[in-house]
Amino acid sequence: VRNRGSVHILVDAVSFRGLDGDGHVVFDAGLPGWYVLVGRSHRFDFEMTAARCAAATTVEIDAVMHGELISHTVDAAAACR
């Protein structure tokens, strides 16, 4: 999470959800949030194990910041490199 604003931000939580080719959830995990100071970034690392890589085709990443949901989807093969 990169803060390009003029005040610190509070990330409430980050979640990672793996989906198979049919859209079924094959894993769902979360990390606690943290604050991000102005002009800084904070990395939320999540381990993509071999089992998770084999089961998922996409990974949905959700971050809740100040009550607002920010979502991003990545190809699981790219996340497993």
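Which residues does Val 11 touch, not counting residues up to four places away in sequence? In this predicted model, Val 11 touches Val 1, Gly 33, Trp 34, Val 36, Phe 44, Val 64 and Met 65. The report below places this residue and several others within the chain.

## The chain as a whole

The chain contains two helices and five strands. Their order along the sequence follows the pattern β-β-β-α-β-β-α. A box of roughly 40 × 25 × 15 Å, taken along the principal axes, is filled by the C-alpha atoms.

The chain has 81 residues, of which 27% count as buried. Its accessible surface comes to about 5,400 Å², and carbon and sulfur atoms account for 53% of that surface. Among contacts with a separation of 6 or more, 55% are between residues 24 or more positions apart.

## The nonpolar core

The largest nonpolar core has 15 residues. Those with the most contacts inside this core are Val 11, Val 14, Phe 27, Phe 46, Met 48 and Val 59. Strand 1, strand 2 (25-32) and strand 4 are the elements that give two or more residues to the core. The largest share, four residues, comes from strand 1.

Is Val 14 buried or exposed? Val 14 is classed as buried because its relative accessible area is 6%, and the limit for a buried residue is under 20%. Apart from neighbours within four places in sequence, Val 14 is in contact with Ala 29, Gly 30, Leu 31, Phe 44, Ile 61, Asp 62 and Ala 63. Val 14 and Cys 53 are 39 residues apart in sequence, and their C-alpha atoms are 19 Å apart in space.

Ser 15 is also placed in strand 1. Ser 15 counts as buried because its relative accessibility is 19%, and the category covers values under 20%. With neighbours within four places in sequence left aside, Ser 15 is in contact with Ala 29, Gly 30, Glu 60, Ile 61 and Asp 62. Ala 29, Gly 30, Ile 61 and Asp 62 are also among the contacts of Val 14.

## Val 64 in strand 4

Val 64 lies in strand 4. With a relative accessible area of 29%, Val 64 is partly exposed. Val 64 touches Leu 10, Val 11, Asp 12, Ala 13 and Leu 69, not counting residues up to four places away in sequence.

How far apart are the C-alpha atoms of Val 64 and Val 14? These two residues are 50 residues apart along the chain, and their C-alpha atoms are separated by 6.6 Å.

## The largest pocket

About 430 Å³ of space lies in the largest pocket. The pocket is lined by 19 residues, and the closest to its centre are Val 1, Val 14, Phe 16, Phe 44 and Ile 61. Strand 1 (9-19), strand 4 (58-65) and strand 5 (68-75) are the elements that give two or more residues to the lining. Strand 4 gives the largest share, with five residues.

What kinds of residue make up this lining? The lining residues divide into 13 nonpolar, three polar and three charged.

## The loop between strand 4 and strand 5

His 66 is located in the loop between strand 4 and strand 5. His 66 has a positive phi of about 55 degrees, although it is not a glycine. Its relative accessibility is 55%, and His 66 therefore counts as exposed, since that category covers values over 50%.

Gly 67 lies in the loop between strand 4 and strand 5 as well. At 64% relative accessibility, Gly 67 counts as exposed. Gly 67 and Ala 79 are 12 residues apart along the chain, with a separation of 26 Å between their C-alpha atoms.

Notes
Residues are numbered from 1 along each chain as its sequence is written. This is a predicted model: local features need pLDDT of at least 70, side-chain atom pairs count only at pLDDT 80 or more; totals for chains, interfaces and linings use all residues. Side-chain values use heavy atoms; hydrogens and water are left out. On a 1 Å grid over the protein atoms alone, a cavity is a set of points where a 1.4 Å probe fits but cannot get out, and a pocket is an open set with protein on both sides within 12 Å along at least five of seven lines; lining residues have an atom within 4 Å of a point. Grid points are joined across faces, edges and corners, and a volume is the space filled by probe spheres set on the points. Ala, Val, Leu, Ile, Met, Phe, Trp, Tyr, Cys and Pro count as nonpolar, Asp, Glu, Lys and Arg as charged, and the others, Gly among them, as polar. Buried means under 20% relative accessible area, exposed over 50%, partly exposed in between (1.4 Å probe, protein chains only). Contact means heavy atoms within 4.5 Å. Accessible areas come from the Shrake-Rupley method with a 1.4 Å probe; for residues, only the protein chains shown count as cover. A nonpolar core is a set of buried Ala, Val, Leu, Ile, Met, Phe, Trp, Tyr and Cys residues joined through side-chain atoms within 4.5 Å.
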